Amino acid sequence: MDFGVQMRAAHDYAVKNNYVGAIPTFFEGSANGVIVHGVFLLKQGKAIWRDVTAEELGKPPDSDIGARFRAAQTYATAQQMVGAFPNFYQAIRDLPTPRGSLHTTVYGHLLFPRGTAEWIDVPAEKFGPGSLDDPANRMRLLQPFARAQGFVGAFPNFFQSDGPGLVYGAGMVGAAAAQH
């Protein structure tokens with residue numbers, strides 16, 4: 001399934017079930033002969049859905065998933081939030097300006113206030129085997145590490161640093177803010 005489609009489907013499922021959103025784990029299974037997709041659900045009041053303009057995000061290319069996640073993290077930090085997760089919804093909105101209104105692209109994001117998530121650097125060797133170049137695989141490989149650390153789940157922010165040792169940035173979400 002397409003990355004953006006799976007992100008939006010997880011979000012839609014969560015909203016229909018009275019959650020603010022969801023983050024897919026990209027694990028799949030079968031229940032009673034039906035294919036199911038792993039997600040963790042974000043509790044109301046623990047994450048904030050916000051439409052963010054392309055300009056506020058620095059206009060990352062729609063086709064560059066890593067750039068979209070990095071832009072979300074940069075925006076979240078500027079807003080005094082721990083992190084942000086793009087839900088891959090976008091729309092054209094009329095925003096008021098002193099001279100009328102402006103048609104602009106907005107992107108849906110789930111923002112995590114302090115106390116609802118933690119940003120940590122995960123050592124590369126903690127991901128186990130598999131390519132981190134594929135965004136869905138990066139999300140899938142991050143989940144066992146998050147669970148082992150006592151979190152419900154995690155999402156990558158696609159920042160990385162190589163000194164000393166290669167690490168990848170991630171938002172870790174605990175039971176106070178999410179559930180499976």
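These are my notebook entries on what I looked up in this structure.

**Entry 1: the whole chain**

I began by noting that the model is a predicted one, and I kept that in mind for every value below. I then listed the secondary structure and found 3 helices and 9 strands in the protein, which follow one another along the sequence in the pattern α-β-β-β-α-β-β-β-α-β-β-β.

For overall dimensions I looked at the C-alpha atoms, which fill a box of roughly 55 × 45 × 30 Å along the principal axes. The radius of gyration is 16 Å, and this agrees with the value near 16 Å that a compact globule of 180 residues would have. I also noted that buried residues make up 47% of the 180 residues, and that, of the contacts with a separation of 6 or more, 57% are between residues 24 or more positions apart.

**Entry 2**

Which order do the strands take in the open sheet of 3 strands? I read the order as β1-β2-β9, with antiparallel pairing; β1 and β9 (178-179) are the edge strands, since each pairs on one side only. I reminded myself that strands of a sheet pair through backbone hydrogen bonds, either parallel or antiparallel. Between β1 and strand β2 (residues 34-42) the antiparallel pairing runs over 8 bridges, and in one detail of it Gly-29 has Val-36 in β2 as its bridge partner.

I next looked at two residues of β1. Glu-28 lies in this strand, which spans residues 21-31. Is Glu-28 buried or exposed? I noted a relative accessible area of 56%, and because the cut-off for exposed is over 50%, Glu-28 is exposed. Leaving aside neighbours within four places in sequence, Glu-28 is in contact with Ile-35, Val-36 and His-37. I also checked a distance to a residue 99 places away along the chain, and the C-alpha atoms of Glu-28 and Phe-127 are separated by 18 Å.

Phe-26 also lies in strand β1, but Phe-26 is buried, with a relative accessible area of 7%. Its phi is near 65°, a positive value in a residue other than glycine.

**Entry 3: the β7-β8 hairpin**

I then moved to strand β7 (residues 153-162) and strand β8 (residues 166-173), which pair in the antiparallel sense over 7 bridges. The two strands form a hairpin with 3 residues between them, and in the turn Gly-165 has a positive phi of about 90°. Asp-162 stands opposite Leu-166 in β8.

In β7 I looked up Phe-158, whose phi is near 65°, a positive value in a residue other than glycine. Phe-158 counts as buried, at 8% relative accessibility.

**Entry 4: a residue of helix α2**

Last, I looked at Gln-73, which lies in helix α2 (residues 65-78). At 2% relative accessibility, Gln-73 counts as buried. Which residues is Gln-73 in contact with, leaving aside its neighbours within four places in sequence? I wrote down Val-82, Gly-83, Ala-84, Trp-119, Asn-157 and Phe-159.

Conventions: Residues numbered from 1 in each chain as written. Predicted model: local features only at pLDDT ≥ 70, side-chain atom pairs only at ≥ 80, totals over all residues. Heavy atoms only, no water. Helix = DSSP H or I, 4+ residues; strand = E, 2+ residues; numbered from the N terminus. Buried < 20%, exposed > 50% of the residue type's maximum accessible area, 1.4 Å probe, protein only. Contact = heavy atoms within 4.5 Å. Rg over C-alpha atoms; globule rule 2.2 N^0.38 Å. Pairing = 2+ DSSP bridges.
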